[in-house]
Amino acid sequence: MLFTETNLMKISHTLLLGILSFRTVHAATEEAKVDFATQVKPLLTSKCVNCHHAGALFGELNLENRAMAFKKRVNGPVILPGKPDSSALYMVLKMPPKNPKAMPPNGHRIADKDVNLIYDWIKQGAAWPKGADGVITLSKAVKE
Ligand code: HEC
């Protein structure tokens, strides 16, 4: 390869990108522990549970509490602790909106930071508390 000015620029550009992407990956692995009650629960409450509760079991899925969310389904596991890429709960958020299984189905995509939050939460073991902290109730707007 000729070390012309353009080539050198390309090389330093590649190096720079390498350093930047390494930093991103590195930062992600150091992500703080996701807390269900304060981080995951508000998201499920506002964006998901309205269609996934005892009275509206779309996709055979109830997200009102831990026992229901982890219940065996014909379509496979919704949450596989430690394995977000095999967990439907994360997979449906990553699907392109055109996919009929992309969630939420009305086209309002979940913000990337929240998708990453679900990823990290499942990766870290998907801790879902058993008591009141782990119970999700329908938001008022829908109940009324
Ligand atoms: C407007 C109603 C509605 C909302 C809101 C909604 N869903 Fe769904 N969900 C559905 C329907 C309908 C299905 C069934 C789709 C199918 O099987 O084709 C489904 C299916 C699913 C499935 C099962 C997919 C499978 O593999 O069978 C998961 C997981 C899921 N939703 C997660 C979520 C999550 C997470 C949210 C919030 C970000 C959410 N849903 C919000 C209606 C909704």
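**Close-up views of a predicted model**

In the chain, confidence runs from a lowest mean of 52 in helix α6 (residues 140–143) to a highest of 97 in helix α5 (residues 112–123). Confidence here is pLDDT, the predictor's own score for each residue, from 0 to 100. Helices (H or I, at least four residues) and strands (E, at least two) are DSSP runs, numbered from the N terminus. This is a predicted model, in which local features need pLDDT of at least 70 and side-chain atom pairs count only at pLDDT 80 or more, while totals for chains, interfaces and linings use all residues. Residues are numbered from 1 along each chain as its sequence is written.

**View 1. Confidence along the chain.** The average pLDDT of the chain is 85, and 75% of the residues score at least 70. Where pLDDT is low, the predicted coordinates should not be read in detail.

**View 2. The shell around the ligand.** Let's look at the 20 residues that surround the ligand, of which C48, C51, F58, G59 and M103 are the closest. A residue counts as near if its C-beta atom, placed from the backbone, lies within 6 Å of the molecule. Helix α4 (residues 88–94) gives the largest share of this shell, three residues. By class, 13 shell residues are nonpolar, five polar and two charged. Nonpolar means Ala, Val, Leu, Ile, Met, Phe, Trp, Tyr, Cys and Pro; charged means Asp, Glu, Lys and Arg; the others, Gly among them, are polar.

**View 3. A cis peptide bond.** M103 and P104 are joined by a cis peptide bond, with omega about -10°. You can find P104 in the loop between α4 and α5.

View 4. E60 is a residue other than glycine with a positive phi, near 60°. Look for E60 in the loop between β2 (56–57) and α3 (66–69).
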